[in-house]
Amino acid sequence: MNGIPMEHGLLLSVVLFVLGLTGVLVRRNLIMILMSLEVMLNATGLAFIVAGSRWGQADGQIMFLLILTLAAAEVGVGLGLVLQIFRRFHTLDADSLNGMKG
Amino acid sequence: MIELLGWVPLFPFLGFLILILAGERLSKPLIAWVGVGSVAASALLAALIGAEFLNGTMQPYRLVLGVWMEVDDLSIPFGFYLDALTVTMLFVVTGVGFLIHVYAAGFMDDDPGYARFFAYINLFVSAMLVLVLADNLVLLYLGWEGVGLGSYLLIGFWYEDPNNGYAARKAFVMTRVGDTALLVGLFLLFTQLHTFDIQLLMLRATSQWTSGSLLPVAAAALLLGGALGKSAQLPLQSWLPDAMAGPTPVSALIHAATMVTAGVYLIARTHALFIMAPSVQFAVAGIGATTLLMAGCSALVQTDIKRILAYSTISQIGYMFLALGVGAWSSAIFHLLTHAFFKALLFLAAGAVIFCFHHEHNIFKMGGLRKAMPLAFWSFMIGSAALSALPFTSGFYSKHEILLAVFDASPGLWAAGCLGAIITGIYSFRLIFVVFFGRKCPVTKARVGWQMSVPLILLGALALLGGTLKIPLDSVFPVLFNHDHTFDLVSVVTALAPFVGLLIAVLFYLTHTFSAQRLAGSGLANQMRIFCFNGWGIDALYGALVVRPFKSIAKLNKNDAVDGIYVAIALLSRVGCSRVSASQTGRIRWYASSVALGAVVIIAIGWLS
Amino acid sequence: MNSNQLIALAPIITIAVTAVAVMLGIAVRRNFILSCGIAAVGIVIALSTLGIASRESAVRATLLILVDAYSLFYMALLLSGGLAVLGFCYDYFKEREGENEELPLLLLTALLGGLVLVGSSHFASFFIGLEILSISLFVLIGYPLNQSRPLEAAIKYLVLSGVSSAFLLMGMALIYSQCGELHFSGIGGYMTSRDNISAMVLSGTLLIMVGLGFKLSLVPFHLWTPDVYEGAPAPVTAFIATVSKGAVFALLLRYFITTYSYDYTPLLTVFSVIAGLSILGGNLLALLQTNVKRLLAYSSIAHMGYLLVAFIAGGRISSMWVVESVSFYLLAYFITTIGAFGVVSVLSTPQTEADDISCYRGLFWRRPWLAATFTLMLLSLAGIPLTAGFIGKFYIFTSAADGRLWGLLLAVIVGSGLGLYYYLRIIVVMSMNVDGAAIKPPQDWVSTAILAVLTMLLVWFGIYPGLLVNVIQSVSYAME
């Protein structure tokens, strides 16, 4: 794939990243937040692949594998926590989880 | 044995630690054993070391226990220096101190603060020992401050009465003025001569400085300032009469035998420096002479038994200063030794009298105790005889020696000294005649325990026979003139002066041939009496010059303008805190947006700089 | 992978094996003491293998991990910290109902992540270590997953950690795209071959800083700190405050020194701003706190600010001195923080967490030794002489003065002054008079032993730091 300049690919991944970030900031549902987090992580994975492809190394793809694995682990734990939170608080509204402040 | 020198100040310090940490839980006999035993151990060790030293070559011995502070090329060791002067001081502090401790074990018996008392007094003794043993000025200053602390704690021992606290504070503040002068003198010596070691300082001073030039005069004057504060000489003497608020053993130990002699010791130790500053040395003599007259006159009109003895102490130390001022170093130290004996004897006997009168101090409320308290009577007789320097008492030998040496230097000062001897005779026998003769006053208890009697007897013996205990100090001090005055006019007049005083006292107070009341009844005489009573108005002077202006300035700043800065800082912090903690909303999305915002901001800063 | 490299990796391998052993132990038989015991034994064995793993020169165990004196020192620090926290966890959780056997397992995996972090010399191990640490922490914070506060704290930490990891990865990707290297020394080579770095690499480094700043709770990424510290169980808070931050800071230092990122003023300017804000913000926020755990959280923000000041000085003075200052300060910080949170955990009962300041009222009269320990820890945090914290502060001051960072030095001084207020306030509250009978404290001998050891170390290093300084200096030589 040597037609697409690296900068375009990076730009795409940055846009995806920002979209994910916006999702985290805007959505109130915890599961939606976790989904937006996934988007962010995958955007960075895309950036790695693009960078790796520019240098012709496999390192980018390896990093993407690692990112994928760890994102999955993170989200797995996250969903478990969300389950417990729902049992305890009976809501998935992120803003209602503000018992500790100041 | 001499290598165990380090233990001499350590035993009382250990006593202090034990009593301050565990004193409340120990039984009274055990407290006494620890408190008195630690000083007894020190005394025994000091005696053995002293004997070993005096039987040897009397070469100065130095013991370094370790380095205390080390910065760059300045190294201050924990070093002790033993020579004949130190041995004399050790005997005084530990020997007389031990006897006073035994006495105190009986005197303070029914006081609830028994353990606290012995803890403080042990701390004091260990600080005093560090002071006399120190080989460098910094360690000496440590001991100096330590005795000041001990004195404060012990004067204000009965703290429930605010007057005692006031007296303690007054003592502390006044000696502080002197201490500051001493500290500045220390720094001056160090910056000019680059060492704190006393012997080295003296060597360098004599070789590098010329006699009478600015530097030695300044240094000596500053050291003198320190000595004046601790030894209660003019102008820093008015704390000592008020310090009688403390228990009598404290007055005996601190304000008669040891702490007030620290100034004399300091000047004697640094005598080489004073020799280099003749003007300062003359000032020492002048101050000594003036103080001894002033204090003598004040002692003449006092009614409180302890205040008479306090003014007497100031006066006697004036004699020591006088001796130092004319260069009779060993005579001054000899008088220090004998003064310790008889003054401690007098104070302890006064304590016995006060104890039996249930803490009454006014001598005119006592009378005719001769038969009821024979031990106190004879103690007072011996002590006053030595104080007045009646022949063949220990006081006679030391005071006679001083006055003869003074005559050689300046007949005017000698005349003052003789006048002082007359006055001393008057007031000391006035005390005896009023308290022990005359109309009998009832006594609440007449028996004192063995703890109080035995030290009185021992001190009485020392006061009588101590004249033979003269320790040769030639290895320390330069020997000055050697005029032989035995049996010439000067020495006869000197010897007879106290008898004049005794005669006057007999006439006024024993046979009542003349009446002191009628003499002091007329206007001028009464004014003079009040003037002398108030210590020549020094306190009033300080009040007008120092205390009142200070208080009015303090009142101006009542709302504490400077404090406003700190209040402003505190207010600013509080406001800052409340503003910033508003950012902790507890909401996840807010936190995440702060992360995002932070990222944007730092990238912006990174790109822009 | 030859045998040399395997031996060098021994501590990491030991911890991993211990984690598996604990898992098997749980599968065989559910017993809290058993799993704690296996974990403790494993950590001790890992500590002893540190000696075996050390060699004359650094060992490059695969491209990802570099085992030299620096990483071995920090591995020792983390393992000791982990062992102390394990002891506190044992006493804290042994009374609680529920199945707590997974706790040692999670602690071990978190430790594993930390060990990989301090040894890492490659972006991949950097990321993996960080994530293993973080994910273990998500569950640890929320332990035991049935109370509202820990759950809230855990989800906050998870979301924010995810966001910051994403930033971190983005930064790594940007740097990779410019350098073509994921290895630290390769990046260093790239940096030195250029006069000024491109905007991409600068942004990349700053984004990495965002990720690390979150973990180190630096302003403005600090907002999670008080909530997570308050919500998590006290021993876990000790873990987050020390092991997690220590590992990340060690990595930050190594990254910056190896990639020669010190030579670029924009980075140092950003750091200065962050450090100043952290010091002032942390101290101001703590000023009026009544919750002891939140107070310690805010104070940890300030302490990371202080540490960052020493780090920034590396731009002007030799990196050897920076490593020495940072290492000593981190060690003192470890001892102090674990001690402080240890006291909190000892005072906590299964019913209430001892976080409100009213629990400490009159502690001197009820439990004098505990109060004395806490006082010493607080005084060390404040930087009072005769404690290790003072020597650490002294290092910071010296570094700032040597590096001519006058503004930051002023901030450190002001911050220390503010800090003194709230630390002393706790001590005052502890010495207040309280009526009521003294309750007989439960027998927490493990915690008591650990607290005693920590106090002795604190005072020893405060009075005679010479021995420790020699060890640290030999460590910093390795970084040259």
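## Rings, cores and chain A in a predicted model

B:Lys28 is placed over the face of B:Tyr114, 5.2 Å from the ring centre; a charge counts as sitting over a ring if NZ of Lys or CZ of Arg is within 6 Å of the ring centre and within 35 degrees of the ring normal. B:Lys399 likewise lies over the face of B:Tyr319, at 4.5 Å from the ring centre. The model is predicted, so local features need pLDDT of at least 70 and side-chain atom pairs count only at pLDDT 80 or more, whereas totals for chains, interfaces and linings use all residues. Residues are numbered from 1 along each chain as its sequence is written, chains are lettered from A and ligands numbered from 1 in the order in which they are written, and side-chain values use heavy atoms, with hydrogens and water left out.

Buried means under 20% relative accessible area, exposed over 50%, and partly exposed in between, with a 1.4 Å probe and protein chains only. The largest nonpolar core holds 243 residues, and the members that touch the most others are C:Phe123, C:Phe126, C:Phe167, C:Met172 and C:Phe249. Helix 7 of chain C (residues 148-179) gives the most to this core, with 20 residues; helices (H or I, at least four residues) and strands (E, at least two) are DSSP runs numbered from the N terminus. Apart from this core lies another, of 204 residues, including B:Met128, B:Ala205, B:Phe341 and B:Val476.

C:Phe123 counts as buried, its relative accessibility being 0%. Residues up to four places away in sequence aside, C:Phe123 touches A:Met63 as well as C:Met172, C:Ile175, C:Leu182, C:Phe184, C:Ile187, C:Ile208 and C:Tyr255, where contact means heavy atoms within 4.5 Å.

Aromatic pairs come next. A pair of aromatic rings is described by the distance of the centres and the angle of the planes. Rings of Phe, Tyr and Trp (its six-membered ring) pair if their centres lie within 6.5 Å; planes under 30 degrees apart count as stacked, over 60 as edge-to-face and the rest as tilted. This rule gives 48 aromatic pairs over all chains. The pair of C:Phe123 and C:Tyr255 is tilted, because the ring centres are 6.0 Å apart and the planes stand at 35°. These two residues link distant parts of the chain: C:Phe123 belongs to helix 6 (residues 123-142) of chain C and C:Tyr255 to helix 11 (residues 234-258) of chain C, 132 residues apart. C:Tyr255 is buried, with a relative accessible area of 2%.

By contrast, C:Trp460 and C:Phe461 form a stacked pair, since their ring centres lie 5.1 Å apart and their planes meet at 25°. C:Trp460 is partly exposed at 39% relative accessible area, while C:Phe461 is buried at 8%. Ring pairs also join C:Phe123, C:Phe126, C:Phe184, C:Phe249, C:Tyr255, C:Phe256, C:Tyr262, C:Phe271 and C:Phe311 into a cluster.

Chain A has three helices and zero strands. Of its 102 residues, 39% count as buried. An unreviewed UniProt entry places the feature "transmembrane region" at residues 6-26, 33-56 and 62-83 of chain A; such annotations may be inferred rather than shown by experiment, and UniProt positions are given in the numbering used here, with feature names shortened. Residues 6-26 of chain A are 100% helix and 0% strand, with end C-alpha atoms 30 Å apart. For residues 33-56 of chain A, the corresponding values are 96% helix, 0% strand and 35 Å.

Within helix 2 (residues 30-55) of chain A stands A:Leu30, which is buried at 1% relative accessibility. A:Leu30 and A:Val82 are separated by 52 residues in sequence, yet their C-alpha atoms are 7.2 Å apart. Neighbours within four places in sequence aside, A:Leu30 is in contact with residues including A:Val82, A:Ile85, B:Ile588 and C:Ile155.

Most residues other than glycine have a negative phi, and most peptide bonds are trans. The bond joining B:Leu234 and B:Pro235 is cis, with omega about -5°, and B:Pro235 is found in the loop between helix 8 (214-230) and helix 9 (239-242) of chain B. B:Ala232 is placed in the loop between helix 8 and helix 9 of chain B; its phi is positive, near 55°, and B:Ala232 is buried at 0% relative accessible area. B:Phe392 also has a positive phi, near 70°, but counts as exposed at 62% relative accessibility.

Conventions
A nonpolar core is a set of buried Ala, Val, Leu, Ile, Met, Phe, Trp, Tyr and Cys residues joined through side-chain atoms within 4.5 Å.
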